[in-house]
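Please view the sequence and the structure together before reading the points below.

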Amino acid sequence: MRTWIITAAVAGGLVAAPAGLAAQAGPGAPTHEFGADLGATYTSIGSGCTGSCGIFSVATPVDLRVGFLTGGPFSIEPRLALSYMVATSGGGHVLVFTPGVNVLYKLGGWSGASGLMGPYVTAGAAVELTDVGGFGGSTTQPAINVGLGQRLAWGSAAFRPEAFVRYRLENKTHGVPAYFDIGLRIGVSLFH
């Protein structure tokens, strides 16, 4: 319970802290980007793996982001992912809640309304909280990620593909191995 309270406080701080940066954008320019994504990931399980050590998944979890646009090359983007999986045999479930924050940096010339469309690189960190109901307890696992993406104009919104790699650190306390992910997020962004 204490871990959930600490994580909720950290996630709240990650969302509230960048709000001041949005005020730096020019007059009439959007200050926020709201988005939702779908994803596909190949996961390679690190040390401690026996048997099959790779998993391919395609998911449509709750995967939301709120970007704070600064009017400069950087933007800060708190992200929140929630996924739920049910075992096909033997009962039980896996619930994963992942709050995190990424920094985006514009690459090259940008186009479109307020110069928001174009390529970017991103890097960030997250905390993955997993409840393994029916299989034995819960665990916390920090993760870091880097990615390359692009905002493509789609009316007044943006279509946003992003390729990424993510490394989830080993949790020796709960016996959870390190994981290495290669994935693709595809989403839509709205600006305000």
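Rings of Phe, Tyr and Trp, the last taken by its six-membered ring, count as a pair if their centres lie within 6.5 Å. By that criterion, a search of the whole structure, which is a predicted model, finds one aromatic pair.

**Aromatic pair**
- The pair consists of Phe 74 and Tyr 105, whose ring centres are 4.9 Å apart.
- Planes under 30 degrees apart count as stacked and those over 60 as edge-to-face, with the rest as tilted; the planes of Phe 74 and Tyr 105 stand at 55°, so this pair is tilted.
- Phe 74 belongs to strand β4 (residues 74-86) and Tyr 105 to strand β5 (residues 93-106), so the pair ties together parts that are 31 residues apart in sequence.
- Phe 74 has a relative accessibility of 45% and therefore counts as partly exposed.
- Tyr 105 is likewise partly exposed, at a relative accessible area of 36%.

**Charges over rings**
- Over the ring of Tyr 179 sits the charged end of Arg 168, at 4.6 Å from the ring centre.
- Arg 151 lies over the face of Tyr 120, and its distance from the ring centre is 5.6 Å.

**Nonpolar surface patch**
- A nonpolar patch on the surface is formed by Phe 34, Leu 152, Trp 154, Phe 159, Leu 184, Ile 186, Val 188 and Leu 190, which together have about 680 Å² of accessible area.
- Of the contributing elements, β9 gives the most, with four residues.
- Phe 159, a member of the patch, lies in strand β8 (residues 157-168).
- The relative accessible area of Phe 159 is 32%, so this residue is partly exposed.

**Surroundings of Ile 182**
- Ile 182 is located in strand β9.
- With a relative accessible area of 47%, Ile 182 is partly exposed.
- Apart from neighbours within four places in sequence, Ile 182 is in contact with Ala 40, Thr 41, Tyr 42, Phe 164 and Val 165.

Key:
Residues are numbered from 1 along each chain as its sequence is written. This is a predicted model: local features need pLDDT of at least 70, side-chain atom pairs count only at pLDDT 80 or more; totals for chains, interfaces and linings use all residues. Side-chain values use heavy atoms; hydrogens and water are left out. Patches are made of residues with over 30% relative accessible area and no salt bridge: like charges are joined within 9 Å, nonpolar side chains (Val, Leu, Ile, Met, Phe, Trp, Tyr) within 5 Å. Accessible areas come from the Shrake-Rupley method with a 1.4 Å probe; for residues, only the protein chains shown count as cover. A salt bridge is a side-chain nitrogen of Lys or Arg within 4 Å of a carboxyl oxygen of Asp or Glu. Helices (H or I, at least four residues) and strands (E, at least two) are DSSP runs, numbered from the N terminus. Buried means under 20% relative accessible area, exposed over 50%, partly exposed in between (1.4 Å probe, protein chains only). Contact means heavy atoms within 4.5 Å. A charge sits over a ring if NZ of Lys or CZ of Arg is within 6 Å of the ring centre and within 35 degrees of the ring normal.
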